[in-house]
Amino acid sequence: MKQGPAVPSRARSNGLPARELRALYGRMLLIRRVEEQLGRLFADGEIPGFIHLSIGQEAVAAGVGAALEPRDTAASTHRGHGHAIAKGVDLDRFFLELLGKQDGLCRGRGGSMHVADLSIGMLGANGIVGAGLPIAVGSAIAHQVRKTGAVAVAFFGDGALAEGAVHESLNLAALWKLPFLAVCENNGWGEFSPTDRQLAATLEGLAAAYNLPWTDVDGNDVEAVTLAARHVVAEARAGRPQVLECRTTRVRGHFEGDPQKYRSTEEASAMAARDPLAIAVKALAALGVGEASLQPEAAEIDARIAAAVARARAGALPGMAQARAGVYA
Amino acid sequence: MAETRFARAINQALADAMAADASVILLGEDIAAPGGPFSVTRGLLDKFGADRVRDTPIAEAVIVGASVGAAMGGLKPVVEIMFMDFVTLAMDALVNQAAKARFMFGDQTTVPMVLRTPHGGGLNAGPQHSQCLEAWLAHVPGLKVVCPSNPADAYALLRAAIDDPNPVIFVENKALYAMKGELPDPPPSDRLGVARTARPGRDATIVSYGAAVHTALKAAEALARESVEAEVIDLRSLQPWDEAAVLASLARTHRLVVAHEAVEAFGVGAEIAARMADVGFDELDGPIVRVGAPFMPVPFGKTLEAEYVPSADAVAAAVRRTLA
Ligand SMILES: Cc1ncc(C[n+]2csc(CCOP(=O)(O)OP(=O)(O)O)c2C)c(N)n1
Ligand SMILES: [Mg+2]
């Protein structure tokens, strides 16, 4: 992203300087606009399969992503577009993958639920709820044994908390003092059921049970997420594994096309009041950065996405012979 | 040449692989300080330290899942699952993660991990500690499956499995752990997917793997007394398996029996029989006969289990049937 016009570098006490907040806003806007575009492409039948959008949850990806170094690794979920973008995947190859094309990040074999870029430590979205945690734990073991100084992060939803593998992972991370951070995106829903009908415990209680420090943050406030993430990432890097719970909002259905008969209109209006982009715009205004000054960046993002979509549409389709050759190394 | 036990050969392969490559680490329940439930990993903690030889909690899903993540992160984990029956608790990690990571991420990564696990009866360990589940795993594109029958192969194939960039399931028959055999010095190197002729013969081919190779050899001895010369092929590797070697043997003998300890129905033998009925159709002078365990859980009682595990008599009878 190019630098926008000069902005005052005032910061609130304990807050982020305007320049950083502005960059975070840009990151979130990129994720939002990418997913809005994905929603349209899906509705038009250009994206096969099904997709899960993270609209309303962008602050988690942007904030945690900003606290990570390039050498750090991250395992993601079925709702993982934001994590991939925040980790820095190439946007052209991202769209090529979503459209199932040969030059996509995964050569058109993975799609939305398996976006990965190992070259930047993006260990993959995952179609299996909870499965990212063991993989991130293993990545953390590799960091520990190889003394890379890196941290492994696992993003997961509140719905994953009832999965056994999650508990096994928290235990092992704590037991072996791994450079590991578990980031829960608590949006209150697992598919079509509220989490309180699925889980007898709380993540706070679970973290305590495994002797893991637990940090609770408003997952729609990117500044708060970033500051909390910096702290927990630094702790994890020092061999003190952490749990970060981000309270957030799943604005869209579980998947695109979900009629959402199970949700109330009150929830929708409550979510609108917590829009992470609006919250960031307000915070920027308080630092003297007006909404109008953010426009050039938005236009640039839209142009960037339009170009990526055009390339993805023109991309070649993958061949079966090469796909079959990829089963074994 | 030195006489070495099967378990000891595996131990030596692990030690040599760890000495040769600092990225090899061991994970498993009671493998480090206690030296392994079958003493296979004894002494490795002292040699290589607690960072590389790790006792894990009893948590198969994360042990195997973390091995996938560690393998993607530059290590070569060798994970032990105490009994093959317990791979059921790690099936997501094996089937959805390890087997697919390379493919579904578009060849960006490899998953160079080995899962060692003992299968088979003979210890009266009952229905949940005796199963031979290798066919399940051989059915999954992306996994390799290996099952040695003697100490020298155990050494060579384990080294090859650790060097392989793909996830490999290394199956050790419990009844073989105490078996003695020659381990050449320097120890042999090998590659996966190559069968071995355990006994040459011209009248019928018996294809087998793991401990059942010894059952097949016993059957071949009995048949020799009836002037029937059975050839015994030791597959050694089940996925991939050496189709060319089996076909070449069938082209000499024109009769085929497949024998394994695993349940006969829907097993490895079914795959081999189906392939040979296709590509070897013109060579066949008799029915392809399978010998495997009956379609039931492995029973505990001494007499029941003895009857359950396929015998040399059953293999010999199968050869006679295809020759009739
Ligand atoms: C092991 C497994 N079980 C069930 C599913 C089906 N499924 C996909 S997403 C989902 C809900 C997950 O909820 P959560 O983890 O909170 O993530 P969110 O969708 O809210 O982001 C379910 C049940 C799955 N993909 N994997
Ligand atoms: Mg949820």
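A residue counts as buried when its relative accessible area is under 20%, and as exposed when that figure is over 50%. Keep those cut-offs handy for this tour of a predicted model.

**Stop 1: two residues with positive phi**

Start by selecting B:Arg236, in the loop between strand S11 (230-234) and S12 of chain B. Its phi is positive, about 65°, although the residue is not a glycine. Is B:Arg236 buried or exposed? Its relative accessible area is 4%, so B:Arg236 is buried.

Now jump to chain A and pick A:Lys177, which sits in the loop between helix H6 (164-175) and strand S3 (180-186). Here too phi is positive in a residue other than glycine, with a value near 50°. A:Lys177 has 55% relative accessibility and therefore counts as exposed.

**Stop 2: strand S3 of chain A**

Follow chain A from that loop into S3(A). Seven of the seven residues of this strand are buried, so S3(A) is largely enclosed by the rest of the structure.

To see one of the pairings, select A:Phe155 and its bridge partner in S3(A), A:Val183.

**Stop 3: two cis peptide bonds in chain B**

Go back to chain B and zoom in on B:Asp185 and B:Pro186, which are joined by a cis peptide bond with omega about 0°. B:Pro186 is in the loop between strand S8 (180-183) and strand S9 (196-199).

Then select B:Gln239 and B:Pro240, where you will find another cis peptide bond, also with omega about 0°. B:Pro240 belongs to the loop between strand S12 (237-239) and helix H9 (243-253).

**Stop 4: where helices from two chains meet**

Finally, show helix H5 (residues 132-146) of chain A together with helix H3 (residues 60-72) of chain B. At what angle do they pack, and how far apart are their axes? The angle is about 60° and the axes are 6 Å apart. The helices are therefore oblique to each other, and their crossing is right-handed.

To view the contact itself, select A:Pro134, A:Ile135, A:Val137, A:Gly138, A:Ser139, A:Ile141 and A:Ala142 on H5(A), then B:Ala61, B:Val62, B:Gly65, B:Ala66, B:Gly69 and B:Ala70 on H3(B). Colour them by type and you get nine nonpolar, four polar and no charged residues.

Conventions. Residues are numbered from 1 along each chain as its sequence is written. Chains are lettered from A and ligands numbered from 1 in the order in which they are written. This is a predicted model: local features need pLDDT of at least 70, side-chain atom pairs count only at pLDDT 80 or more; totals for chains, interfaces and linings use all residues. Side-chain values use heavy atoms; hydrogens and water are left out. Axes are lines fitted to C-alpha atoms, for helices over the stretch in contact, and angles run from 0 to 180 degrees between N-to-C directions. Helices (H or I, at least four residues) and strands (E, at least two) are DSSP runs, numbered from the N terminus. Angles under 35 degrees count as roughly parallel, over 145 as roughly antiparallel, 65 to 115 as roughly perpendicular and the rest as oblique. A crossing is left-handed if the near helix is turned anticlockwise from the far one by less than a right angle, and right-handed if clockwise. Contact means heavy atoms within 4.5 Å. Ala, Val, Leu, Ile, Met, Phe, Trp, Tyr, Cys and Pro count as nonpolar, Asp, Glu, Lys and Arg as charged, and the others, Gly among them, as polar. Buried means under 20% relative accessible area, exposed over 50%, partly exposed in between (1.4 Å probe, protein chains only). Two strands pair if DSSP finds at least two bridges between them.
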